[in-house]
Amino acid sequence: MNLKRRILKDKLLKILVIFFSLSTLLPLFFVLFTVVKNGIAAIDLKFFTSLPVPAGEQGGGILNSIVGTFLLLIIAFLIASPFGILVGIFLTEVQNKFTDLLKILVNVLQGVPSIVMGIIGYLLVVKPMGGFSALSGGVALAFMMLPVVIKNTEETLRLVPSYLKEASFSLGTNYTRTILRVVLPAGMGGVFSGILIGILRIAGETAPLLFTAFGNPFLNINPLKPVDALPLLIFNYAMSPYEDWYKIAWGASFVLIMIVLILTIITKFIVRRWKTQF
Amino acid sequence: MENTILKIVNLSAGFGKNWVLKNINLEIEKNKVIAIMGPSGCGKSTLIRCINRMHEITSGAILEGRIYLDGKDIFLMPPVAVRRKIGMVFQRPNPFPTMSIYDNVIAGYILNGIKLKREERDRIVEETLKKAYLWEEVKDVLYKRGVFLSGGQQQRLCIARALAMDPEILLLDEPTSSLDPKATSMIEELIIKLKKTVTVVLVTHNRAQAARVSDYTAFLYLGEIIEFDKTSRMFTAPKDKRTEEYLTGKFG
Amino acid sequence: MEMRQDRTFKIMLWLGGISFFLLLLLIFILLFKESLYSINAFGIKFITGKVWDPVNEKFGLFPFFVGTILTSFISLFISLPFSLSLALLLSVYYKEGFINKVLSTTTELLAGIPSVIYGFWGLFFLVPLIRKVEIKLRIPPYGVGILTASLILAIMIIPYISSISKEVIKMVPQDLIEAGLSLGSTTWEVVKKVILPYCRSGIFAGILLGFGRAFGETMAVTMVIGNSNFVPENIFSPANTMASVIANEFTEATKDIHLSALIQIGLWLFVLSVIVNLIGSFIVKRYKIR
Ligand SMILES: Nc1ncnc2c1ncn2[C@@H]1O[C@H](COP(=O)(O)OP(=O)(O)O)[C@@H](O)[C@H]1O
Ligand SMILES: [Mg+2]
């Protein structure tokens with residue numbers, strides 16, 4: 001009797017757990033469905049190759065924000081990956097109170113709200129340089145990417161067995177080359193996927209760009225001038241009062257989600273494929 | 001001694017405050033196989049890691065005394081130079097996982113940034129692999145990664161990697177302890193043949209192995225060299241009681 | 001030469017570490033320095049003040065504090081059953097197999113959708129829905145407001161809390177679980193009596209970090225919260241969070257005092273996130289050591 005009750009309770013709670021878990025499929029489905037449905041309707045070839053037009057005019061595309069997004073990602077990548085890898089190596093190679101503190105600070109930086117990163121990009125670059133720019137946006141994004149790269153580098157390099165280092169030393173290799181040519185290549189898969197995960201994290205970010213990259217209806221590849229970015233365009237257009245602009249925002253959302261999705265798949269592939277066997 | 005290649009004088013070494021080796025004195029003759037034998041934990045690895053200055057890499061390592069290679073104090077040479085003259089093979093085979101078999105053989109050159117011409121590289125790879133008795137087995141898969149070989153093959157690849165640098169001394173730290181009997185006997189044969197070109201210091205806790213391959217044996221016990229003699233003599237008439245007890249399997 | 005290279009390399013490593021440290025210090029100092037103007041001007045009133053009126057240069061962040069706390073807590077509350085169920089399902093009930101694959105992919109995808117797209121979707125999907133509810137309830141049908149923002153936030157933090165909780169639950173020693181089962185306990189009893197007690201503080205850390213996510217989240221909230229600078233009256237009221245007011249007003253702030261006030265809000269967000277993440281990662285780290 002009592003046993004039956006217990007088993008019943010067990011079953012009931014399992015069903016509840018399954019129910020709640022499965023219901024998270026719902027928002028995912030709705031979001032993806034809405035974006036794909038509205039997005040595909042908005043997209044044609046010209047959508048990718050033309051610039052925005054003033055409200056009320058027909059057509060208009062997102063070429064400037066696609067280019068801008070890539071420009072921003074490249075700037076962030078160029079700043080965050082060498083610096084992040086360097087700090088990652090430092091944290092694996094040196095162990096003392098200072099590096100313990102740094103490890104905590106990496107976690108702290110990862111938790112800083114993205115809008116604050118925007119303010120930092122503004123104070124660090126926009127204000128001294130006297131204007132909005134792709135560079136400032138890239139810097140703000142690099143700050144968000146940095147902890148991801150550092151953490152992944154550190155965690156991967158920690159897994160590289162010490163006997164490889166010893167083997168390298170025993171051949172008369174100096175410390176520098178041992179780290180750069182043995183340890184780092186052995187952990188390259190992890191380091192690389194860390195960079196990709198970092199890019200993934202910032203690819204859809206809007207908040208850090210609001211008052212750094214700022215937006216720009218024209219095509220620009222000069223890092224010292226403002227640029228548009230897909231997330232920025234989606235925000236500006238979605239908040240506008242114009243119907244045609246919503247359409248473009250849906251198209252841009254679709255493109256952005258596709259970029260994120262493709263990056264995710266590439267990352268997974270690399271994580272699996274590049275995993276060095278020891 | 002004539003022909004001395006390596007001379008260890010009053011060497012003590014350890015970790016932190018703990019001296020593992022106590023006042024070691026040893027002279028090693030050229031083109032011989034010297035076995036260092038003793039129970040596990042007695043300091044065998046520590047000893048040979050002093051010889052190529054690998055001991056110093058460990059954090060907290062302490063060291064006193066002198067080691068002379070061809071009459072020159074190794075502690076006055078840059079460690080990387082010492083290590084190029086004194087190669088080392090470890091207990092566990094450790095080929096570089098990111099490199100092909102070919103690149104593993106010449107890893108010393110690659111990692112040290114020494115540029116070689118294509119023909120020269122090919123020649124070194126072939127000659128060294130032949131020396132390590134691995135050529136026949138791998139000559140068709142040279143560009144595959146080294147980690148796909150069997151354990152015994154990997155260990156011979158590691159020996160080849162050390163030999164490719166043309167060292168004067170080769171240190172082997174229990175090179176067969178992770179291998180099966182067949183692979184073990186192949187490596188033992190290889191060691192015997194190697195002494196034509198290089199002096200071999202072999203660490204082992206396997207008494208039979210010491211007897212089979214070495215010319216001289218040092219018995220290390222609790223960080224001290226209890227006895228050092230021709231292998232044939234030590235195994236038939238040990239002078240020290242502890243050596244005798246060890247050889248008859250009373251401990252270790 | 002080789003030795004010199006090593007020395008240079010080691011110096012570079014140290015320089016990297018030190019400059020990372022200095023960079024974080026610089027962030028704090030910059031935020032603080034730029035906030036100083038408004039700190040000096042308003043003092044504690046900046047935090048307790050209920051009026052935010054840039055035109056008349058009155059700046060009190062209390063309305064946004066309320067907005068932040070309300071949205072964060074409501075969203076946490078909504079997301080908890082889902083997050084914890086997912087964590088349990090992925091780490092206890094279905095450790096592998098089809099269902100695991102589907103749901104772990106779901107959480108990954110949910111985490112990967114950009115914030116601005118959640119906001120856009122919320123604007124077009126949730127806002128009309130909430131509006132209908134509001135009409136039924138006979139309250140002003142804004143559609144946008146605290147509740148709408150909380151719903152979006154809840155969806156956004158589900159993957160976050162569930163993945164941390166999952167990691168923590170996975171650290172429960174398998175023999176403890178098996179011991180429980182071997183004593184004739186049902187799975188649920190093991191969950192309740194063995195797993196949850198073991199992970200209580202770890203799951204708390206997950207929730208805390210989820211909270212950190214929620215209060216710092218900007219875009220989606222900005223798009224559906226209604227951007228009102230008044231203290232919200234109920235959960236349907238339009239409002240602003242600390243993050244969303246910065247997003248809204250920063251580029252339009254022409255007066256120095258306005259900008260400084262906004263940066264001070266950013267400073268508080270920064271400080272809050274540092275505290276939350278310090279506590280959270282400290283707890284999670286203790287688990288890893290155990
Ligand atoms: N990195 C280290 N730190 C501290 N002690 C060590 C370290 N490596 C070895 N030891 C100690 O030194 C002693 C000798 O070790 P080792 O030379 O490896 O012995 P063997 O190779 O003869 O088995 C052992 O007692 C061991 O615990
Ligand atoms: Mg040993």
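How many salt bridges does a search of the whole structure find over all chains? The search finds 24 of them, a salt bridge being a side-chain nitrogen of Lys or Arg within 4 Å of a carboxyl oxygen of Asp or Glu. This is a predicted model, in which local features need pLDDT of at least 70 and side-chain atom pairs count only at pLDDT 80 or more, while totals for chains, interfaces and linings use all residues. Residues are numbered from 1 along each chain as its sequence is written, chains are lettered from A and ligands numbered from 1 in the order in which they are written, and side-chain values use heavy atoms, with hydrogens and water left out.

Select Glu93(A) and Lys165(A) first, whose closest N and O atoms are 3.0 Å apart in a salt bridge. Glu93(A) lies in helix H4 (residues 63-93) of chain A and Lys165(A) in helix H8 (residues 162-170) of chain A, so the pair ties together parts that are 72 residues apart in sequence; helices here are DSSP runs (H or I) of at least four residues, numbered from the N terminus. Lys165(A) counts as partly exposed because its relative accessibility is 22%, where buried means under 20% relative accessible area, exposed over 50% and partly exposed in between (1.4 Å probe, protein chains only).

Next, select Lys33(C) and Glu34(C), which form a salt bridge with closest N and O atoms 3.6 Å apart. Lys33(C), at 51% relative accessibility, counts as exposed, whereas Glu34(C), at 16%, counts as buried.

Now go to Thr186(C), in the loop between helix H7 (174-182) and helix H8 (187-216) of chain C. Thr186(C) counts as buried, with a relative accessibility of 10%. Leaving aside neighbours within four places in sequence, Thr186(C) is in contact (heavy atoms within 4.5 Å) with Arg6(A), Ile7(A), Asp10(A) and Leu181(C).

Finally, select ligand 1 and the residues that surround it, among them Phe15(B), Val20(B) and Thr58(B). One oxygen atom of ligand 1 is 2.6 Å from an N or O atom in the side chain of Ser45(B), and a backbone N or O atom of Lys44(B) lies 2.9 Å from an oxygen atom of ligand 1. Taken alone, ligand 1 exposes 560 Å², of which the protein buries 57%.

How values were computed:
Helices (H or I, at least four residues) and strands (E, at least two) are DSSP runs, numbered from the N terminus. A residue is near a molecule or strand if one of its heavy atoms lies within 4 Å of it. A polar contact is a pair of N or O atoms within 3.5 Å; within protein, one must be able to donate a hydrogen and the other to accept it, and residues adjacent in sequence count only if both atoms are side-chain atoms. Accessible areas come from the Shrake-Rupley method with a 1.4 Å probe; for residues, only the protein chains shown count as cover.
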